[in-house]
Every structure is written in C-alpha cells, then in structure tokens.
Amino acid sequence: MPAGVCGCCGPLRPRYKRLVDNIFPEDPKDGLSKSDMEKLTFYAVSAPEKLDRIGAYLAEKLSRDVVRHRYGNVVIAMEALDQLLMACHSQSIKPFVESFLHMVAKLLESREPDLQVLGTNSFVKFANIEEDTPSYHRRYDFFVSQFSAMCHSTHEDQETRTRIRVAGIKGLQGVVRKTVNDELQAIIWEPQHMDKLIPSMLFNMQDSEDLDRAGHPNTPSGAGQDGEENPSALAENCFRELLGRAAYGNMNNAVRPVLVHLDNHHLWDPNEFAVSCFRIIMYSIQAQHSHHVIQQVLNHLDTHNKNTPRVRAGIVQVLLETVAIAAKGSVGMIQGSKRSDVFTFESEYTIPPNLWLGPTVLEVFNTLLKHLRMSVDFELGDSSRRNSASSVSSVRGRESEERIVQNAIIQTIGFFGGNLPDYQRAEVMMFIMGKVPVYGTPCHALDTVKIGHQGTKRIQTMLLSSLIMVTSGFKSKSMAAALPPPFLDPLFSISLMEDSELRQLVFEILHNILDRHDNRAKLRGIRIIPNVSALKIKREKISKQDVAFMKKHGQQLYRHIYLGCKEEDNVHKNFELLFTTLAILTIELANEEVVIDLIRLAIALQTVRTHAAPIKTSWKCKRGNGSYQRREPAHVYSLRHHGVGGRVPQLPESDDCQPALLPARQQGY
C-alpha cells in the first residue's frame, strides 16, 4: 500500500521528471509550454549531470508517443530537445546527445513523412552545434543510410516526395558538416559511406532544369526562396561543400562514386550531366588536387577502352573539360576562337599550373595516345569488315563516331600540352614525335605491319595534328632546344612523303616553333609587298645560339624546302606554307649568311620553274602559274626585307619558258 501511494504521489517523483512532464500541455495543440520549458532549461544548465537522465526520460516518452501515434506530443518532445541542445554546451552533454540521436533515429525509421522531416530538422540543428570535445564512440552510419534512402524517395504524392528528398539532402549535409572536420570521424570518407552519399546527391542533381548553369562558380544555382526547397539546388550545394572539404587522401574516394554513378545510369552519352558534374568537382576542390581528378578520369577511360565510341568520346570530353578548368584556375582565362579545335591562352600568364607538378605528365600523354591508336584500330577494323557487314550505314556511322573520339583526344592532348611550361612542352613534343611511325626509322610504339598503309597514314595524321596543338603558342629562346635532331630528323622525313596533307602538317608545326613573334598573320596570302615596313613586323637580332643552329641545320632545312616545292602533288596550301616558311626564316633566323643562302634557294626554286617544260601539262596549266608565283614572292620578300631589293625586277625576266604569264602575274601583284 505505501508503495502504491508513492507511485501516485507527484511530489515524490524525481524533479527532472516533473519538469519534463510539465512541458507537455493537456492539449498538444497548445504547443510547448514556454514557462515550464524555461524552468527545465534552467535546471539542466544548473545541474548538467542530470542531462543524461532528462534525455533518457524524454526518449522514453517520445518512443511511447510514436507507437501510440500521438504526433503532437512527439513534436513537443523534439522541440524541447532542440532547446536543451542549444542551451547546454558542457562536457556532460555527451550522454544527452546519445539519447537525442536515438530519438532522431526513431523518427527517421517511421514511415510518416512528417516525422521523418521533423527528425531531420532536429538533426540539422544538432549538426550546426560545435562541440568542445570530440566524440570517440559516436557513429553516423545509420544516419548516412537513412538520409540516403530519403533522397531516393518514390512517394506517390509529388509534393510529399519533394519534402522527403529535401529533408534527406539536408540530413546528409548535416552529417557532412558534423563529421568531415572531426579527425575521429574520418570513417565518413570510406567507400561504403561515399557510395551512399555521392549517388544520393547526383540522383537529385539530375532533375536540374538548367544544366548549363551548373558548375560555374559565379552562377548561383537554385538561389532565392524557392531554391531552398529545390532538391537539385540543395544537392548541388551539398556536393560542393563535401568536395570542398575533401583532403588529399580522400579525393579518390570522392570521385570514384561519381564515375560509377555515371556508368550505372548511362550518362556518358549524352554527356551533358557528366560534364556538369565534373565542372562542379573542379570548381569545388582545392587546386592542388586537380591532378587526382584527371588521373581518375584517365583510369576510367582505360576501363572503358572497348566500350562504344560515343561513351569513350563522352569520357574524353569530360577529361578535356577538367583540364580546361584546371588550366583556367592556374594559367589564365581561355580565349575564344572561331575554330572549335583551337585554343589560345593569354601570354601574360606565365605561372605553370599546379596540374603539371609531378612525374605523371608523360603517363597522361601515353594514355591518350594509346587510346588514339585503339580508336584508329577500331575504325580500320570496321572498314575492313564493311563488305561482309549486313548494314553498310551502321559501319559508316561507327567510323564517324570513332572520328569524334579521335578529335576529342587530339583536342585534349593539345590542351594538355598547351598549358605546360616550355621546358615540359619540349619533352612532350619529343615524346609524341617518338610515337609517329616514319618509314626507315625504328618505331617501337606502333606495328605498322598490322595496321597497314592506311592505318599508318591515319596515325601519322592524328599525331601530327596533336603536335600542331601542343606547339601552338610555344616560345623557345633557342631553336636548338626547340628543334633537336631527334625531333627535327623524323619531321623532315615526313616532309618528303608522297602525301600533300602530311607535308602541310609538318610545315604548320615548323611555323608554330619558328614564329616566336607571331608574324604569321601578317604574311598570309602569296603576294609581293612593296612596303615591308607597313606590316610592322616584330623581330629581334638573331642570337648566337640561333646562328649556330642555322650553321648546323640550315642546309638541311633549305634542302627539304627545295624538295618540297618539287613534289608533283602539291596544292595551293602547300605552296602557301612553303612561302610562309621562307618568310618566317627570313624574319627569325636570318643573318647575312642566311640571307645569301635564302637568295640562292629562291634562285634555285626559280630555276626549277623555268625548266618545268618536261613536266605534265595538267600540272603546268593548273599549278604552273601558281607555283611560279608562289616561289617568287618568298625570294622577293627575303631580298626586300633585308634591303637588297634593287635587283628584284630583273629576276623574273629570266623566265622565258612561259612569257605569256608575265603580264597576268604582274597585274595580279
């Protein structure tokens, strides 16, 4: 009997229980009793050792109310917990937090969306509290799993589904904020957690209606009142925050789930979302971690080396985007160009990008060149099976898709090389040239017997096109360093091949290297210039190193220009490039001895034209006028530029082979 009396008598109950009971009104609709809540808060602050008992009792009441569907009391209990958390910051709050997290877990396990959202909001408030001491035993595995599941909600009602997804993203953001800066919670970066966090964010980011804006740091996505409840915008912000907090050792675990998600959802073709994701990644991470991302994409490209061309092209285009952003952040803004395959950079930026620190530069180029070769092999293999294929159009379509892959790889190689400092760019030029198959020289990179003549030519064209992009903007102080014999000899060998397109590529590479003052634009078009000073050509006095270079390699250079002019399959562009080559040599490398050699070369070219009677008539009719005119201006330009143009009018009159062409030529100039 006394025990029963004690159980019914309120004053005999512990004070903390009485204070907790008093905050619950008779009608839950009246809400939390503020005055009683103030008393409970004062008691908890005054007696922090009672916090764990207060938390346990509140958890007991909340669990009972959840089972009995007394959701009004559940809301009051969580509001009280939130206020106690905000008011108490002592070390004694640790046991109370365990009770709090247990109650949040109860709400998240409920199938009621309102309770899930309520528990998430309380957890977010807790995540924003900075604790004085770290927690040694607390784990958030359950919350990562539960919030990730909420991010993938498939509730029938769209509004409810959006609320649940928003709550899940906010919960994940709270977990990230609570754990990433805590050394004792480094476990959050482990693959089993990243495999849940990252895909949940990407799943909601896919609903973005404006992918073009995603990834730009100066463009707010989902900002404004509506943006706070937009799952896509919240997911992107959480994704950025997570990546921004990633340390050096955690980058691989953060990027790998992105690649897996893109694979599982077939988002490489089309690849707009993939490009958007990696824009966000590159803009969010620290600059010194950029090479981790690029290496991950390269490794992923290796794993998909036998996938469809469109998938491989999508991965390469993502790689190009990552390189472009990494270059922007450390070298300078990319200047626009009318051609889609040409990139130029502001010359005033001379700081080498952090992207290129380390020994992995040649490995990157080796991987890209390997995939370029594989793409050519796939293209030629499809071409050889064209006759036996059931659908010719499908085979041709695959060939065109392989061309897309090849062009994307070439652009990426050019962008990689274009952002290297000059000393590394010279090494890359040598590396690529070593991959070019040249007849008569050993080539360990390619088996030309297996790929045949057509494959060899295709590989040569691709690699020389890559060299054009790598050498674009290359400014070497010494020609001997820019054109060493291991690079120059195979380049000259290609210049004598019986293919006008390959010869054009060779001279474009030479122009990129020789033209150190950007005078090519002023020399376009084959013409005689009466007033050279009007061109405002930039030039410097030839250095001793360049004089030595011309003494050693000048005759070899003249010989290949001379032989290149005699090729019968030359077209207009070949002669124009030859003319420009002579003009650039005159500007960049001409001293008195070189001028004399250039005059001799021009006269030799003139002699070739005057003795051109035995050649084919079609060549004379279609190219005779052009070839004559294209050789004379280089000669004339060399003389006039160095002030010895007084005899220029006398030279053309020695042409008595086709005198009828003289008036037309003079009139055209």
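**View 1. The loop between α12 and α13.** Pro 270 lies in the loop that runs between α12 (251–264) and α13 (272–284); helices (H or I, at least four residues) and strands (E, at least two) are DSSP runs, numbered from the N terminus. This is a predicted model, in which local features need pLDDT of at least 70, side-chain atom pairs count only at pLDDT 80 or more, and totals for chains, interfaces and linings use all residues. Residues are numbered from 1 along each chain as its sequence is written, and side-chain values use heavy atoms, with hydrogens and water left out. The peptide bond joining Asp 269 and Pro 270 is cis, with omega about -5 degrees. His 266 is placed in the loop between α12 and α13. This residue is not a glycine, yet His 266 has a positive phi of about 55 degrees. Most residues other than glycine have a negative phi, and most peptide bonds are trans. His 266 is exposed, its relative accessible area being 64%; buried means under 20% relative accessible area, exposed over 50%, and partly exposed in between (1.4 Å probe, protein chains only).

View 2. Helix α11 covers residues 231–244, and its end C-alpha atoms are 20 Å apart. Of the 14 residues of α11, 12 are buried, so the helix is largely enclosed by the rest of the structure. Among the buried residues are Pro 231, Leu 234, Cys 238, Phe 239, Arg 240 and Leu 242. The buried residues of α11 pack against α9 (158–179), α10 (191–205), α12 and α13; contact means heavy atoms within 4.5 Å.

**View 3. Helix α18 against helix α21.** Two packed helices are described by the angle between their axes and the distance between the axes. Helix α18 (residues 422–435) packs on helix α21 (residues 485–495) at an angle of about 40 degrees, and their axes are 10 Å apart. Axes are lines fitted to C-alpha atoms, for helices over the stretch in contact, and angles run from 0 to 180 degrees between N-to-C directions. α18 and α21 are therefore oblique to each other; angles under 35 degrees count as roughly parallel, over 145 as roughly antiparallel, 65 to 115 as roughly perpendicular and the rest as oblique. On the α18 side, Met 429, Met 430 and Met 433 meet Pro 486, Phe 487, Pro 490 and Leu 491 of α21.

**View 4. Helix α22 and its N-terminal cap.** Helix α22 (residues 500–514) has 15 residues, which at 1.5 Å a residue should span 21 Å; the end C-alpha atoms are 21 Å apart, in agreement. Of these 15 residues, 13 are buried, and α22 is mostly covered. Asp 499 caps the N-terminal end of α22, with a side-chain oxygen 3.0 Å from the backbone nitrogen of Glu 501. Asp 518 lies in the loop between α22 and α23 (544–565). Although not a glycine, Asp 518 has a positive phi of about 55 degrees.

**View 5. Ser 465 in helix α19.** Ser 465 belongs to helix α19 (residues 448–471). The relative accessible area of Ser 465 is 19%, so this residue is buried. Leaving aside neighbours within four places in sequence, Ser 465 is in contact with Ile 410 and Leu 505.

**View 6. Helix α22 against helix α24.** The axes of α22 and helix α24 (residues 572–589) come within 10 Å and cross at roughly 20 degrees. The two helices, α22 and α24, are therefore roughly parallel to each other. The contact involves residues of α22 including Arg 503, Phe 507 and His 511, and residues of α24 including Leu 577, Thr 581 and Ile 584. The crossing of α22 past α24 is left-handed. Phe 575 is placed in helix α24 and is buried, with a relative accessible area of 3%. Between the C-alpha atoms of Phe 575 and Gln 504 the separation is 9.3 Å, and these residues are 71 residues apart along the chain. Glu 576, also placed in helix α24, is partly exposed with a relative accessible area of 24%.

Key. Expected span 1.5 Å × (residues − 1). Polar contact = N/O pair within 3.5 Å; in protein donor to acceptor, adjacent residues only side chain to side chain. Left-handed = near helix turned anticlockwise from the far one by under 90°.
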